[in-house]
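Open the model in your viewer and keep the selection panel at hand. We will go from stop to stop, and at each one you will hear what to select and what is there.

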Amino acid sequence: MPANSRTQIFTALHAALPQSSPLPDLPAEGPWKIFKDPYTRFVSMVESVGGTCTRAATSADANRLLADLTPYKEAVVRCSLVPNVGDSTFDLDSVADPHELHDVDFAVLPGEFGVAENGAIWVTDNGIPHRVLYFLPQHLSIVIPAAQIVHNMHEAYARITPQQHAWSGFISGPSKTADIEQSLVIGAHGARSLTVIAVEAI
Amino acid sequence: MTHATLAENFIAAGDRSAWHDRALWFVREKRDRQADDVPEWEQLREAASAIKQHTMSRLPDYLQEFELNAKRLGVKVHWAVDGEEHNRIVHSILQQHDVRRVVKSKSMLTEECHLNPFLEERGLVVVDTDLGERIVQLREEPPSHIVLPAIHIRKEEVGDCFHEHLGTEEGASDPKYLTEAARQHLRQQFLEADAGITGVNFAVAETGGFVVCTNEGNADLGVSLPKLHIACMGLEKLVPRAADLGVFLRLLARSATGQPITTYSSHFHGPRPGAELHVVIVDNGRNKILQSPEFRRSLNCIRCGACMNTCPVFRRSGGHSYESTVPGPIGSILAPIREPDQHKTLPFACTLCGSCTDVCPVKIDLHHELYAMRNHLDQQQKLEGSKKLSMRMTAGIFQRPALYRTAGRVARLALRWLPRFLVYSPLNMWGRQRELPEAPSKSFRELYDERHRKN
C-alpha cells in the first residue's frame, strides 16, 4: 500500500471540512417507545419475522419443547451449547475446522437478551467455538432468559459492549429473502427455522 | 444514452413498467407501516441526520480514531484514494493468501469500483452470494436497485436463468423452489471459498468495529468459514459511538424493505482466532462531494433505497435506465458530481415531487439537491442546446408581464383552434404521450379583473 494514499485522503479532508455541528445525546430512557408488556411484544415480533417463541419454566421444560419439535426430532446431526438444554450428537470440542460443521441439522445456542420492538436477539461468540454455528445449521434454536427483554435498540446498546467480542450481533427470525418478485421465502442461506425458547429459571 | 431514451425502452416492453411500479410501491407501503409503528420516527430521523452531519464535520478525527481502535483489535486497515487502488489492495491481499475462490456479499462500493471484473481478469472466481445479486451476476448484468438487485426480473426469467446455470427444471418459476436451488448451489460456494468479501453498513469510531446487515445470512456464512475476511467501506460509513447504531439500525431495515430490523446485524471487532480481518477504506470521489456545500448531505446516505421505492420516475423507468451503480434520486446526485458528462440527464429524471425527501431516513434534502444539480450542470455548460434554448425562452417570457399575457392568450387560442396534427406535432414534447388539457376561455387574471369590476 502506498503510504501516501492515507496522507492524501486526510489532507483533502482537512482542506474543506463542513462547519462543526453538535453530536446529539441519545439517552437510553427515551423519547423512545416502550411497551406495556415487552415480553408479549417480543413474542409477536419474533412471529412476525418468521420465527416462534415459547416460554419454558425450567430447562427440563425447554427439553420437552425441543423433544416435540419436528426439525429437532428429525435432526441426525445436532449440537447444543446451552447447559442442560438440548443435546449433541458429536463432540464439538474436537471440531478444529468450521467446515466440518456443514452437516449440522439443528443447533441449540444461547442468546443474551431479546429486543421487544423488533424481535431481535443479542448473541455473541462468547463460549462459541465456531460462530458459523449461528448460520450454517439447517435449523436453529436460541435460548434466552425469559426476564431479559429490553424495550428497544437504545436500551440494547446501553447494555452491550460489542468491542469485547470478535463477533456479536442481533438475530431476528430465520434466514429469509424476497429477491424473486418480492415473494418472501424463509430459509435463504442460513437457518430454515428459528425457535426461540425463553426460559424462566436459567 | 440519456435516461429518457433508456426509460422509453423499459416502458415499451409490455406491462413491465406497470408491474415494476407495483412491486416497488408494495415495498414503499411496507415501509410506511413500519415507520408508523414507531411514534418517535421523526425524532429518529432528526437524530440520524444530526449524527451524520456531526461526523462529516469531524471526519478526519473519527477516521483516525477508528483506525487506531481497529488496529488495536488486530484489524489490518488499508486506504485507497480511488477504485483502482481499492481493487489493487484487495487483489494483493487475496494473492498473499493464495486465494482462488472468493464469496462476496452485497457491497455497492465494490460495484462502484468494478471489483468483480478486476479480480476475474486476474484469474479469481468471484461469486456474489446475495440471491438477487447472484441472479444478476448469472445474467451478466448490473443490479438495478441497491437493496433489491433483481427487482426488474420476473420469476419466469429467474427460472430460465437457473435452468441454464443451476440445472433447475425447465419452466419452473416458483420462488420457493428457485430459492431452494440457489441455497444448495450457494452453500457449496460458501464451503469452497478461500476468502469472504463484505461491504460495511456502519463503522464505529469509538470501538474500531463495523456492522454488516443481511436477511439471508450470506455475509456471515461467507466470512465465518474461510480464514480471510476483507471488508470494503466508503469513508462516509462512520458513526462516532456504538450507541448511534441504535438509531441507524432502527431506521435502516424499516426504510429499506419495511422490516423492523434485518435478520442478521453482525458486529465485527477483530479477526477470528487464526484468521485475518482487513478493512479497506475508500475515498473515490467522496472528498469532492464533502467539499461541496450544496451536495455534501448526500454523503449521509445509508443506502436503504427508500428514495427509489417511492420515486414515481424510478418505479416506472427501472433502475437500469440510470446507468449508475446507485440509481434513483440519490444516485442522480452522486453520479453527476463525479462524472457530469456521463450522468448529466439524471437530475432531470425527476418531477421535483419531494417524496424522496419525505421518506429519507437521514433527511437528505434530495429534491432540493436535484434542483441545485440542474443549475450546477447548466453553469458547467453541460446541458444540451434544445434544453438551454427552451429555458432561455421561458425565462424571457416570465420576465416580461405583457409578453407573458400575450403568450398565454395565443396558447389558449392555439389549443382551441389549431388542427390536431399541428398541436400534436413532433415539436410538441408535451403532446407525445398525453392529451393536452382543454384550454380555458379566460385566464385567471381576466377572471380576477372581471370580478373586481363587478364588486
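Strands here are DSSP runs of E with at least two residues, helices are runs of H or I with at least four, and both are numbered from the N terminus. Two strands pair if DSSP finds at least two bridges between them.

A word on the model before moving on: it is predicted, with local features needing pLDDT of at least 70 and side-chain atom pairs counting only at pLDDT 80 or more, while totals for chains, interfaces and linings use all residues. Residues are numbered from 1 along each chain as its sequence is written, and chains are lettered from A and ligands numbered from 1 in the order in which they are written.

Still on this strand pair, show A:F170, which stands opposite B:S265, and then A:I171, which faces B:Y264. Now widen the selection to the whole open sheet, whose 8 strands run in the order 7(A)-4(A)-5(A)-8(A)-9(B)-6(B)-5(B)-8(B) with mixed pairing. At its edges you will find strand 7 (149-150) of chain A and strand 8 (238-239) of chain B, each pairing on one side only.

Next, colour the interface. Chain B brings 77 residues to the contact and chain A brings 63; contact means C-beta atoms, placed from the backbone, within 7 Å. On the chain B side, 39 of the residues are nonpolar, 24 polar and 14 charged. In this scheme Ala, Val, Leu, Ile, Met, Phe, Trp, Tyr, Cys and Pro are nonpolar, Asp, Glu, Lys and Arg are charged, and the others, Gly among them, are polar.

Which residues have the most contacts inside the largest nonpolar core? Select A:I142, B:F210, B:M233 and B:F248, in a core of 173 residues. Helix 12 (residues 244-256) of chain B gives the most to this core, with 8 residues. Such a core is a set of buried Ala, Val, Leu, Ile, Met, Phe, Trp, Tyr and Cys residues joined through C-beta atoms within 7 Å. A residue is buried with 20 or more other C-beta atoms within 10 Å of its own, exposed with 12 or fewer, and partly exposed in between. Zoom in on B:M233: beyond four places in sequence, its contacts include B:L109, B:F210 and B:I281.

For a helix pair, select helix 16 (328-338) of chain B and helix 19 (residues 366-379) of chain B, whose axes come within 9 Å and cross at roughly 35°. Axes are lines fitted to C-alpha atoms over the stretch in contact, with angles from 0 to 180 degrees between N-to-C directions. Among the meeting residues are B:I330 and B:I333 from helix 16 of chain B, and B:L370 and B:M373 from helix 19 of chain B. By class, this contact has 8 nonpolar, 1 polar and 1 charged residues.

Finish at B:T325, in the loop between helix 15 (312-317) and helix 16 (328-338) of chain B. Is B:T325 buried or partly exposed? It is partly exposed, because 18 other C-beta atoms lie within 10 Å. Leaving aside neighbours within four places in sequence, B:T325 touches B:M108, B:E111 and B:E112.

Conventions: Contact = placed C-beta atoms within 7 Å.
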